[in-house]
Amino acid sequence: MGQKIERDYQRFRKLVRGKVKSNLSKYISRGEMIGKKGKDLVSIPLPQIEIPQFRFGNKGSGGVGQGDGQIGQPLGPGQQQPGQGAGEQPGAHILEVELTMEEMAQILGEELALPRIEPRGKKNIVTTRDKYTGIRQTGPESLRHFKRTYKKALKRQISSNTYDPVDPVVVPIRSDKQYRSWKDVQKPDSVAVLIYMMDVSGSMTDEQKEIVRIEAFWIDTWIKAHYKGVDTVYIIHDAAAHEVDENTFYHTRESGGTKISSAYELAEKIINKKYPPDQWNVYAFHFSDGDNWGDDIPHCIELLNEKLLPKLNLFGYGQVESPYGSGEFYEYIHEMLGERDNIVCSRIPDRESILGSIKEFLGTGR
């Protein structure tokens, strides 16, 4: 019975993965997963899936293939047209299914055909971690192995003839309980830092910030699947740049002019101070509507070429479309593509473009 439960569980997980994969674009554009993100899990709202079945009806009762039909006519008996009174049938149910962030990264990688990231720098540290190596009869309840405990209790009840298939209640006793055993192992860490920079000048709207938030979530999900430790740095800028926390990054309201070089200068200072490239994999993503003070553009290009790009695994510039910004900065970044292999630029005019933009950013495998 335990094997059947495991098989059914695995079939269910495959069904869920397939459903999420086929609707990935919808979930990404609406940001449904982000709102339901926990510490290690994401709750996915999935419509209940009904398996189609054929049923025999009464002869002459109407239906497909019997008599003339009209466009929009219901195929089954007893179905009411919209607006013809209250219905008596239950509605479709929404099932909340939890997936781990590792599963979400796998789904993202499979759907977008993303190559695995090859870490460039590795932090030269060794950490001690607990490795679970077996099962023992005693231990803290936090390490109790539910599946093994359940199977042992089930075997005991079957062998003692106390298991009732009609009322299949399995109650473990003390001797049934199984606990994970572990030993300390030392392993090196490969670590990364994600630096997000966002233009928050008056031309950036709340909708554009939401697009940035959704895209950053999926970038996080993919990169964190390849590293043991990831730090995140948030920088906002208008004419001046500031390091802020995540909440401020996505919800601040600013106005005024735009000076992109201020964000690049601050990012370089933070890297030099805390994240030396010989020890860290450094990823920087800048989101803007492309409007910049004209005299600042040469300084931006100089900073990228001489200061930032030599230190980065990847620099991604994402330009969200604004009814107010000029959008010209994209062209300057685009001109650099042939000169550097660790720079990617992407246009993100709306939410439906997020999936393609993620593929552009992460498709390099850097």
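Predicted model: local features only at pLDDT ≥ 70, side-chain atom pairs only at ≥ 80, totals over all residues.
Local features were considered at pLDDT of at least 70 and side-chain atom pairs only at pLDDT 80 or more, whereas totals for chains, interfaces and linings use all residues. Residues are numbered from 1 along each chain as its sequence is written, and side-chain values use heavy atoms, with hydrogens and water left out.

We can start with helices H4 (residues 101-112) and H6 (residues 206-224), whose axes come within 8 Å and cross at roughly 100°. Helices (H or I, at least four residues) and strands (E, at least two) are DSSP runs numbered from the N terminus; axes are lines fitted to C-alpha atoms, for helices over the stretch in contact, with angles from 0 to 180 degrees between N-to-C directions. H4 and H6 are therefore roughly perpendicular (65 to 115 degrees). Met 101, Met 104, Ala 105, Leu 108 and Gly 109 of H4 meet Phe 217, Trp 218, Thr 221 and Trp 222 of H6, contact meaning heavy atoms within 4.5 Å.

Helix H11 (residues 354-362) has Ile 354, Leu 355, Ser 357, Ile 358, Phe 361 and Leu 362 as its buried residues (under 20% relative accessible area, 1.4 Å probe, protein chains only). These cover an arc of only 160° around the axis, which puts them on the same side of H11; the arc is that of the directions from the helix axis to the C-beta atoms. Their cover includes H4 and H6, along with helix H2 (24-30) and strands S8 (281-288), S9 (314-320) and S10 (343-348).

Finally, Ser 181 lies in strand S4 (residues 179-188) and, at 13% relative accessibility, counts as buried. Its C-alpha atom is 5.3 Å from that of Ile 135, 46 residues apart along the chain.

Note on methods
Parallel < 35°, antiparallel > 145°, perpendicular 65-115°, else oblique. Buried < 20%, exposed > 50% of the residue type's maximum accessible area, 1.4 Å probe, protein only.
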